[in-house]
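Open the model in your viewer and keep the selection panel at hand.

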Amino acid sequence: MNNKIYFTPGPSELYPTVPQHMQSAMANKIGSISHRSQQFKDIYAHTEKELRQLLQLPDNFEILFLSSANEIWERAIQNTVESESFHLVNGSFSKRFYEISLELGRKATKYEAPFGEGFPIDQIEVPATAELVAVVQNETSSGAATPVEAINQLRSKINPEALLFVDAVSSMPHPAFDYSQIDSVYFSVQKCFGLPAGLGVWVLNDRCIAKAEALKAKGLSIGSFHSIPSLLSKAKGYQNPETPNVLNIYLLGQVAEEMNKKGIEVIRQETETKAKLVYEYAANSQTFDIAVKEPAHRSATTIILNTKVSSAEVIKKLAPFDMVVGSGYGSYKDAQIRIANFPAHSVSQMQALVYKLQELFG
Ligand SMILES: *Cc1c(COP(=O)(O)O)cnc(C)c1O
């Protein structure tokens, strides 16, 4: 039996009702039903409906189910970039999207901000020839967030023809996006949705679809089963081209329904309340301090602290109390800890973590 509470930034603690939904999935033999059956189409339609409501999506946006955010990066480049993409990079995840574009033979250019910093939008020059502009809303490796206003400001600077892609993998549904300013946003379920990994959700508008169709009409390769037109042709009938992650699509629908019942505003407020608990503690701690210096750029959902003792020691000392935080990312492994603040983490759990850190480390 594992009684730990995972404050790790993904995979993380499961949404509290997931075990119960797993049981009902097993009772209904969801692992055995055909992905072409009416039962599956109803599951898919339910998940889509709940997500549309939760994310407050306008009608010109579609929702597609893929395997991960990594896959969405690759499909985004294949489907919407003939020759050039531009990336705002401030950590490992935003950098990876840039590299994938290069690996797929595109001309990818970037503006790179130092690790742990946000983007000075007014100083960034975006090439007019970039077809896709990528910005990360929440850089999970460093804890730096890009406010929605900064994303809107970025839109006003770029070629109107360019598609603006937003990585909200570790923050969705927290940011209240203005969908008239962005073309696509994507996330994976093992972060803020508190589900097992293995499902990436790609939200994209008619402009992205038109671009994929234009590239295809030119005779260019946009991939096969997971090209945008292929995914869409099946999505219209509440299916995927391949046999998808049926169980996770089901669980996502159940969790999104519960989030809707709770209300997106309540979820957002709780997230802010919990983030404040951690940041206020860290600001006065003898062992920790806040890694992101600019308050406006501090993530609400993935909180990164510099630590004077090694992250391994923090993790070891928390273990007897059944609490797990993440180590730092990459070269920051020892010098930082990462605390996920997802909807699955209750206010009282976060309060308990803060008290324990205070007691153990001051
Ligand atoms: C976790 C993460 C990804 C990658 O997600 P996968 O589901 O592992 O592909 C991408 N971007 C950000 C910001 C992330 O936190």
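Start by selecting helix H9, which gives the most to the lining of the largest pocket, with four residues. Bear in mind throughout that this is a predicted model.

The largest pocket holds about 370 Å³ of space. Its lining is made up of 20 residues, and those closest to the pocket centre are Ala-145, His-174, Glu-272, Arg-298 and Ala-300. Colour the lining by residue class, and it divides into 10 nonpolar, six polar and four charged residues.

Now select the ligand. Which pocket does the ligand take up? The space it takes is the second largest pocket. Show the residues around the ligand: there are 13, the closest being Asn-70, Thr-140, Asp-167, Ser-188 and Lys-191. By class, this shell has four nonpolar, seven polar and two charged residues. Helix H3 (residues 69–80) supplies the largest share of the shell, three residues.

For Thr-140, an N or O atom of the side chain is 2.4 Å from an oxygen atom of the ligand. Ser-188 has a polar side-chain atom 2.7 Å from a ligand oxygen. Lys-191 likewise places a polar side-chain atom 2.7 Å from an oxygen atom of the ligand.

On its own the ligand has 390 Å² of accessible area, and the protein covers 89% of it.

Notes
Residues numbered from 1 in each chain as written. Predicted model: local features only at pLDDT ≥ 70, side-chain atom pairs only at ≥ 80, totals over all residues. Heavy atoms only, no water. Near = heavy atom within 4 Å. Polar contact = N/O pair within 3.5 Å; in protein donor to acceptor, adjacent residues only side chain to side chain. Areas by Shrake-Rupley, 256 points an atom, 1.4 Å probe, with all protein chains shown as cover. 1 Å grid on protein atoms, 1.4 Å probe; cavity = no way out; pocket = protein on both sides within 12 Å on 5 of 7 lines; lining within 4 Å. Sits in = over half its atoms within 2 Å of the grid points. Helix = DSSP H or I, 4+ residues; strand = E, 2+ residues; numbered from the N terminus. Nonpolar A, V, L, I, M, F, W, Y, C, P; charged D, E, K, R; others polar. Points joined across faces, edges and corners; volume = space filled by probe spheres on them.
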